[in-house]
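Q: I have a model open and would like to go through it. Can we start with the ligands and then move to the helices?

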Amino acid sequence: MTEERWTAVDDYLTDMLAPADDALAAALADSDAAGLPAIGVTPPQGKLLNLLARTQGARTILEIGTLGGYSTIWLARALPADGRLISLEYNPAHADVARANLARAGLDTRVEVRTGAALDTLPRLADEGAGPFDLVFIDADKPNNPRYVEWSLRLTRPGSLIVLDNVVRGGAITDATSTDESVRATRELFDLVARDPRLDATAIQTVGAKGYDGMLLARVVD
Ligand code: SAH
Ligand code: DHB
Ligand code: MG
């Protein structure tokens, strides 16, 4: 099984189940033109986020790590007309591209992109009394993932869903001796999630156009 094969299957699944429309295609094209890295979720993963948000009946969504707003579009499209999504992004240039992509997708009334390091903007959200969020999607700097889960617990409610991208990293997470900051933090994240009685979780391994990785899904217990 090669990455080429995974990509071909991803293309097939995309054509069948998650085809791009003008707003999604333009979001990717403009992100690329602006020099943003092509590290967003794949179309089938974006569709998964959309389905999870709809299954969740989400009216409020928090995203950590916006990039050009590709995953944001999939998530925000799951919201009712009066729903709200707040997406946190460190890089102002990424945030600008995302805001334009979201406006073109007709989602700017539902979505707010906030610039700053998430560990600075999350406490501000809490101070404002924002939330509780029905769904949180964490997809920013991996070393801070344990902290992002702790903040998510303060900003959610029983029954909320917390999703984390990139928790398998090509299988590197089984290496207890890894010196890679992202791997160490991901292992810390699994320790935290596994022992926290407020969370009920699983993780799925994924292959596809972005290689071998995985997502963690955690429900805040009722
Ligand atoms: N969710 C996007 C991809 C996000 S890529 C998608 O699937 O389409 C990760 C993003 O997190 C990048 O834009 C990066 O600038 C941002 N990021 C990195 N460190 C951050 C931090 N400390 N706070 C908030 N965002 C951060
Ligand atoms: C990277 C970040 C991501 O969120 C992702 O899905 C893939 C790669 C990265 O920083 O390399
Ligand atoms: Mg990711």
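Q: Which helix and which strand each supply at least two residues of the shell around ligand 1?
A: Those are helix 4 (70-76) and strand 2 (84-89). Keep in mind that this is a predicted model.

Q: Noted. Which residues come nearest to ligand 1?
A: There are 22 residues around ligand 1, and Val41, Ser71, Glu89, His94 and Asp139 come nearest.

Q: And how do the residues of that shell around ligand 1 divide by class?
A: Eleven are nonpolar, seven are polar and four are charged.

Q: Which backbone atom lies 2.8 Å from an oxygen atom of ligand 1?
A: A backbone N or O atom of Val41.

Q: What about nitrogen atoms of ligand 1, what lies 3.1 Å or 2.9 Å from one?
A: A backbone N or O atom of Tyr90 is 3.1 Å from a nitrogen atom of ligand 1. For Ala118, a backbone N or O atom is 2.9 Å from a nitrogen atom of the ligand. As for cover, ligand 1 exposes 590 Å² when taken alone, and the protein buries 89% of that.

Q: OK, ligand 2. Which residues are around it?
A: Ile39, Asp139, Lys142, Asp165 and Asn166. By class, that shell has one nonpolar, one polar and three charged residues. Asp139 is listed here and also among the residues that come nearest to ligand 1.

Q: Which polar side-chain atoms lie 3.1 Å or 2.8 Å from an oxygen atom of ligand 2?
A: One belongs to Asp165, at 3.1 Å from an oxygen atom of ligand 2. The other belongs to Asn166, at 2.8 Å from an oxygen atom of the ligand. From the backbone, a polar atom of Ile39 is 3.1 Å from an oxygen atom of ligand 2.

Q: How much of ligand 2 does the protein bury?
A: The protein buries 65% of the 300 Å² that ligand 2 exposes when taken alone.

Q: Back to Asn166. Where is its place in the chain, and what is its phi?
A: Asn166 is in the loop between strand 5 (156-165) and helix 8 (181-195). Its phi is near 65°, a positive value in a residue other than glycine.

Q: Switching topic: which peptide bond is cis?
A: The one from Gly131 to Pro132, with omega near 0°. Pro132 sits in the loop between helix 6 and strand 4 (133-138).

Q: Since helix 6 came up, how do the axes of helix 6 and helix 7 cross?
A: The axes of helix 6 (residues 118-128) and helix 7 (residues 145-154) cross at roughly 5° and come within 11 Å. Angles under 35 degrees count as roughly parallel, so helix 6 and helix 7 are roughly parallel to each other.

Q: Which residues meet there?
A: From helix 6, Ala118, Leu119, Leu122, Pro123 and Ala126; from helix 7, Arg147, Tyr148 and Trp151. This contact has seven nonpolar, no polar and one charged residues. Ala118 is also the residue with a backbone N or O atom 2.9 Å from a nitrogen atom of ligand 1.

Q: Last pair: are helix 1 and helix 3 parallel or oblique to each other?
A: Their axes cross at roughly 45° and come within 8 Å, and helix 1 and helix 3 are therefore oblique to each other. Asp10, Leu13, Thr14 and Leu17 of helix 1 make the contact with Pro43, Pro44 and Lys47 of helix 3.

Q: And by class?
A: The residues of the contact of helix 1 with helix 3 divide into four nonpolar, one polar and two charged.

How values were computed
Residues numbered from 1 in each chain as written. Chains lettered and ligands numbered in written order. Predicted model: local features only at pLDDT ≥ 70, side-chain atom pairs only at ≥ 80, totals over all residues. Heavy atoms only, no water. Axes fitted to C-alpha atoms, helices over the stretch in contact; angles between N-to-C directions. Helix = DSSP H or I, 4+ residues; strand = E, 2+ residues; numbered from the N terminus. Parallel < 35°, antiparallel > 145°, perpendicular 65-115°, else oblique. Contact = heavy atoms within 4.5 Å. Nonpolar A, V, L, I, M, F, W, Y, C, P; charged D, E, K, R; others polar. Near = heavy atom within 4 Å. Polar contact = N/O pair within 3.5 Å; in protein donor to acceptor, adjacent residues only side chain to side chain. Areas by Shrake-Rupley, 256 points an atom, 1.4 Å probe, with all protein chains shown as cover.
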